[in-house]
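Student: I have a structure open and want to learn how to read its features. Where do we start?
Tutor: With the model itself, and then one question at a time.

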Amino acid sequence: MEIESKLFQKINSGKADRRTTAFDLVDPMPFLYVRVAKAKISNPDADSSFFAKLVIGTHTIRTKSQAANREWDQVFAFDKDGLNSTSLEVSIWAQKKSKEKDAATAAEISAGTVSFDLQEVPKRVPPDSPLAPQWYSLEGEGSPGNDVMLSVWVGTQADEAFQEAWQSDSGGLIPETRAKVYLSPKLWYLRLTVIQTQDLQLGSGSAGSEPKVRIPELYVKAQLGAQLFKTSRTNIGFTNPTWNEDLIFVAAEPFEPFLTITVEDVTNGHSVGHAKVQVATVDKRTDDKSEPRSRWFNLIGDQETKPYAGRIHVRVCLEGGYHVLDEAAHVTSDVRPTANQLSKPPIGLLEVGIRGATNLLPVKTKDGTRGTTDAYVVAKYGPKWVRTRTILDRFNPRWNEQYTWDVYDPCTVLTIGIFDNARYNKSGEAGPTKDKDVRLGKLRVRLSTLDTNRVYVGTYALTVLLPGGAKKMGEIEIALRFSCSSWISLIQAYANPTLPRMHYVKPLGPAQQDILRHNAMRIVTTRLARSEPALGQEVVQFMLDSDMHMWSMRRSKANWFRVVGCLSKAAQFARWLDGIRTWAHPPTTVLVHILLMAIILCPHLILPTVFMYAFLIIALRFRFRQRVSITMDPRLSHVDTVGPDELDEEFDGFPTTRSVDQIRVRYDRLRALAGRAQTLLGDLAAQGERLEALFNWKDPRATGIFVVVCLFASLLFYVVPFKAFVLGSGFYYLRHPRFRGDMPSVPMNFFRRLPPQSDRIL
């Protein structure tokens with residue numbers, strides 16, 4: 001099911017031609033462009049409207065109807081490979097409305113025709129200026145003095161008129177089939193610190209109310225949009241109720257108008273009062289050094305009986321020093337902090353050429369007789385989403401579209417998904433349908449595994465997991481190039497923390513981070529679904545892996561065998577030691593004896609020898625390093641060994657739809673606990689895979705840095721006495737907390753940036 005990638009076009013900085021264009025990663029697609037500007041009619045009727053009709057073989061298209069001598073200024077792009085004629089006919093027609101009751105019927109009268117031989121049409125290649133329209137005399141009966149202004153040329157998809165043109169391969173001017181670029185909303189963490197309340201009016205407000213017997217038990221509830229969080233409960237004693245708890249929300253620009261804070265009484269289930277905070281007036285901070293100001297708000301109860309119910313003391317701020325994760329941490333595509341002033345300049349450029357797809361399977365029927373697929377591609381990196389145009393009714397579509405992203409961190413992941421468009425209205429009526437797009441497959445590319453300034457072009461298998469099992473939906477052909485603008489910044493990135501500083505100074509708990517991530521996913525999904533044309537909810541959820549936290553026996557098996565695969569290296573080493581002990585290979589055993597005596601006699605050579613061996617072995621492995629594997633790995637994902645019952649469990653909703661209430665509760669509890677265990681297994685497997693990636697050149701830059709460090713460490717430990725090193729290491733490990741930093745160490749940052757295989761799990 002996996003297709004080996006074809007790597008070619010190695011770009012050398014000194015010899016290769018670096019004059020790249022916006023479409024140098026894709027093939028040029030010839031299009032016949034026709035720009036119809038306007039027509040000049042000699043004797044027009046006052047009640048007639050005119051339109052132009054273009055005919056190329058079986059292709060017929062008309063402009064919008066306008067009054068006489070008015071401009072159309074419409075561009076039509078015909079896929080030249082799909083044309084079945086060598087001539088183009090442009091005719092002008094007069095449409096005269098009938099005076100009868102049925103005003104919709106109209107008589108069409110030809111005002112003349114002009115023909116073009118397609119072999120004589122000039123070619124235009126950007127950056128040439130646009131071809132100027134010219135007047136052409138119309139021929140035919142009743143057309144003396146009638147002219148049409150138009151221009152005809154042959155260009156490619158790189159032509160600036162392509163985006164606004166009527167396109168023959170994507171259904172014309174249908175909004176749901178056009179290429180678009182989307183931007184995720186800018187996300188902030190909103191921190192609400194509930195300090196205390198004062199002067200609470202706990203009475204019911206009625207004249208005949210009886211005094212309360214039980215001590216009131218209170219909690220504070222805060223709501224921002226659809227997000228709702230509560231503090232712990234506290235009893236009212238001789239002092240004012242105090243919480244000092246943080247509630248963190250995800251806020252997206254433009255912000256929700258109000259943050260609603262409510263004090264609830266648990267004993268009677270009634271609200272004591274509420275206050276509203278305007279989010280637009282909330283302070284913003286970028287680090288932990290500045291403390292946001294605290295504010296008092298009056299609590300409002302019932303407007304008639306209790307307009308004043310007390311006051312509440314809170315501290316509210318928008319945290320700009322965090323990065324709001326809206327996708328799984330192991331496949332994140334952006335790690336920049338929210339505040340723009342904390343963001344560093346880009347270190348490179350990622351260029352992606354979406355060339356085409358082959359052997360796509362039909363996913364729906366057309367006219368109830370034959371299968372068809374209307375495919376388009378979505379690529380996501382950072383906050384930028386790109387969507388190609390939809391190629392209608394083709395199993396081997398060719399998009400040949402190219403997009404670029406700024407790269408701020410090399411240890412990020414590009415996600416590419418392919419879908420069948422079911423939203424455009426096939427009946428010709430305006431507006432999209434309510435059908436959901438069908439997913440055809442997904443790829444992920446970890447940028448750290450790519451060589452810089454090198455073009456990767458390949459065809460990769462598309463595999464999607466369905467309730468009936470894994471299914472190959474076809475292949476997709478893409479081209480990639482990661483260009484580095486600053487090698488120094490690229491190398492420094494491996495020593496920097498993965499996330500911004502606030503994640504380590506004031507860290508968020510794993511459970512809290514998971515809740516915030518899902519809230520961010522819902523916000524991004526909702527905002528993109530409100531775009532025009534909309535990026536479907538099912539598309540965004542599939543790209544962001546919104547169901548990654550759900551329990552799956554298949555994923556648990558995959559993570560378990562990833563752990564076993566890493567531990568097998570230790571078992572292999574143990575077997576090698578047993579072979580040495582049992583003299584399975586006498587020459588090797590003799591060499592180990594000599595090495596053992598050398599270590600005992602010269603202990604100061606231990607570390608230089610170890611690092612020198614590491615340098616030599618890993619450097620020699622560079623020639624045999626594994627080529628970049630972009631396609632998802634069905635074998636690693638264990639999609640071939642999954643059973644029907646396990647698939648039914650994986651595709652079951654949460655909560656489960658099974659019968660018997662008691663079974664449902666137990667089943668949901670088991671799945672929630674198993675989901676955490678599954679994540680833990682994945683994290684453990686990722687640590688071993690990072691070590692394996694370090695020694696196998698999966699990230700050439702990281703392994704190159706390690707090789708150089710090994711070389712210098714070998715020379716350093718040859719000069720520095722071993723005893724001095726042990727003493728210095730002990731003093732450094734036991735140093736005073738005053739001399740310790742808040743941020744992770746450089747080796748830890750380097751290790752966390754090594755690529756695991758998490759991004760290849762379906």
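Student: With which side chain does the side chain of Arg517 make a polar contact?
Tutor: First, a caution: this is a predicted model. Now the case. The side chain of Arg517 pairs with the side chain of Asp514, at 2.9 Å. A polar contact needs N or O atoms within 3.5 Å, so 2.9 Å qualifies.

Student: Where is Arg517 found?
Tutor: In helix H3, which covers residues 510–529.

Student: Is Arg517 buried or exposed?
Tutor: Buried means under 20% relative accessible area. Arg517 has 11%, so Arg517 is buried.

Student: Which residues is Arg517 in contact with, leaving aside its neighbours within four places in sequence?
Tutor: Leu325, Asp326, Glu327 and Ala328.

Student: Let me zoom out. How many helices and strands are there in the protein chain?
Tutor: Count 13 helices and 32 strands. The C-alpha trace spans about 105 × 100 × 55 Å along its principal axes.

Student: What share of the residues is buried?
Tutor: Of the 762 residues in the protein chain, 46% are buried. For the surface, look at area and atom type. The chain exposes about 39,300 Å², and carbon and sulfur atoms supply 57% of that.

Student: How many positive and negative side chains does the protein chain have?
Tutor: There are 95 positive and 81 negative side chains. Then compare where the two sets sit: their centres lie 7 Å apart.

Student: Next, cysteines. What is a disulfide?
Tutor: A covalent bond between the sulfur atoms of two cysteines. In this model, a search of the whole structure finds zero disulfides. Take Cys484: the nearest cysteine sulfur, that of Cys411, is 13 Å away. The cut-off for a disulfide is 2.5 Å, so Cys484 is in no disulfide.

Student: Are Cys484 and Cys317 buried or exposed?
Tutor: Cys484 is buried, at 13% relative accessible area. Cys317 is buried too, at 1%.

Student: Now the backbone. Which residues does a cis peptide bond join?
Tutor: Read omega. Another joins Glu532 and Pro533, with omega about 0 degrees.

Student: Where do Pro254 and Pro533 lie?
Tutor: Both are in loops. Pro254 lies between strand E17 (242–252) and strand E18 (258–265). Pro533 lies between H3 and helix H4 (537–544). H3 is also the helix of Arg517.

Student: What about phi? Which residue other than glycine has a positive value?
Tutor: Asp393 is one case, with phi near 55 degrees. Asn400 is another: its phi is about 50 degrees, and Asn400 is not a glycine.

Student: Where are Asp393 and Asn400 found?
Tutor: Asp393 is in the loop between strand E27 (384–387) and strand E28 (398–407). Asn400 is in strand E28 itself.

Student: Why does Asn400 count as buried, and Asp393 as partly exposed?
Tutor: Apply the cut-offs. Asn400 has 2% relative accessibility, under 20%, so Asn400 counts as buried. Asp393 has 26%, between 20% and 50%, so Asp393 is partly exposed.

Key:
Residues numbered from 1 in each chain as written. Predicted model: local features only at pLDDT ≥ 70, side-chain atom pairs only at ≥ 80, totals over all residues. Heavy atoms only, no water. Helix = DSSP H or I, 4+ residues; strand = E, 2+ residues; numbered from the N terminus. Buried < 20%, exposed > 50% of the residue type's maximum accessible area, 1.4 Å probe, protein only. Areas by Shrake-Rupley, 256 points an atom, 1.4 Å probe, with all protein chains shown as cover. Lys, Arg positive; Asp, Glu negative; His and termini not counted. Charge placed at Lys NZ, Arg CZ, Asp CG, Glu CD. Polar contact = N/O pair within 3.5 Å; in protein donor to acceptor, adjacent residues only side chain to side chain. Contact = heavy atoms within 4.5 Å.
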